[in-house]
Amino acid sequence: MWRCADPSLPEDQRKALVSQLMDARRAVAQAKRSGDAAAMKAARAAVDVAKVALGERGPVWWEDGSPDLNRHMARNTPYAGWYESVSDGER
């Protein structure tokens, strides 16, 4: 399960953060190709900063008391029944 971005972010801010995230992901790919460990560390840190700013990582942005199931397998969550009912073609 992956957490979505905070829907309360203003659209212009969300777009800027997504652009920042994509730049950071491209930097990760470049660092992989070049084998530069320092560049990889910096690029991955930039990805993390963007994801936290978007609300995809870090403190939860919702206030309904629901648990953060980010990075949990669907079968190990309350969504297990739904997950099992979805056909393989739809996964």
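**View 1. P67 is exposed, with a relative accessible area of 55%.** Exposed means over 50% relative accessible area, buried means under 20%, and partly exposed lies in between, with a 1.4 Å probe and protein chains only. The model is a predicted one, in which local features need pLDDT of at least 70 and side-chain atom pairs count only at pLDDT 80 or more, while totals for chains, interfaces and linings use all residues. Residues are numbered from 1 along each chain as its sequence is written, and side-chain values use heavy atoms, with hydrogens and water left out. P67 sits in the loop between α2 and α3 (80–85).

**View 2. D64 is another residue placed in the loop between α2 and α3.** Its relative accessibility is 58%, so D64 counts as exposed. D64 and A39 are 25 residues apart in sequence, and their C-alpha atoms are 39 Å apart in space.

**View 3. A43 lies in helix α2.** Is A43 buried or exposed? With a relative accessibility of 4%, A43 counts as buried. Not counting residues up to four places away in sequence, A43 touches A24, A27 and V28, where contact means heavy atoms within 4.5 Å. The C-alpha atoms of A43 and G58 are separated by 18 Å, and the two residues are 15 apart along the chain.

**View 4. The largest nonpolar core has 11 residues.** They are L9, L17, L21, A24, V28, A31, M40, A43, V47, A50 and L54. Two or more of these residues come from each of the elements α1 (11–34) and α2 (37–54). A nonpolar core is a set of buried Ala, Val, Leu, Ile, Met, Phe, Trp, Tyr and Cys residues joined through side-chain atoms within 4.5 Å.

**View 5. The chain holds three helices and zero strands.** In sequence order the pattern is α-α-α. Helices (H or I, at least four residues) and strands (E, at least two) are DSSP runs, numbered from the N terminus. The C-alpha trace spans about 45 × 30 × 20 Å along its principal axes. The radius of gyration of the chain is 16 Å, whereas a compact globule of 91 residues would have one near 12 Å. This radius is taken over C-alpha atoms, and the globule rule is 2.2 Å times the number of residues to the power 0.38. Of the contacts between residues at least 6 apart in sequence, 62% join residues at least 24 apart.

**View 6. The chain has 14 positive and 13 negative side chains.** The centres of the two sets lie 9 Å apart. Lys and Arg count as positive and Asp and Glu as negative, with His and the chain ends not counted; the place of a charge is NZ of Lys, CZ of Arg, CG of Asp or CD of Glu. Of the 91 residues, 24% count as buried.
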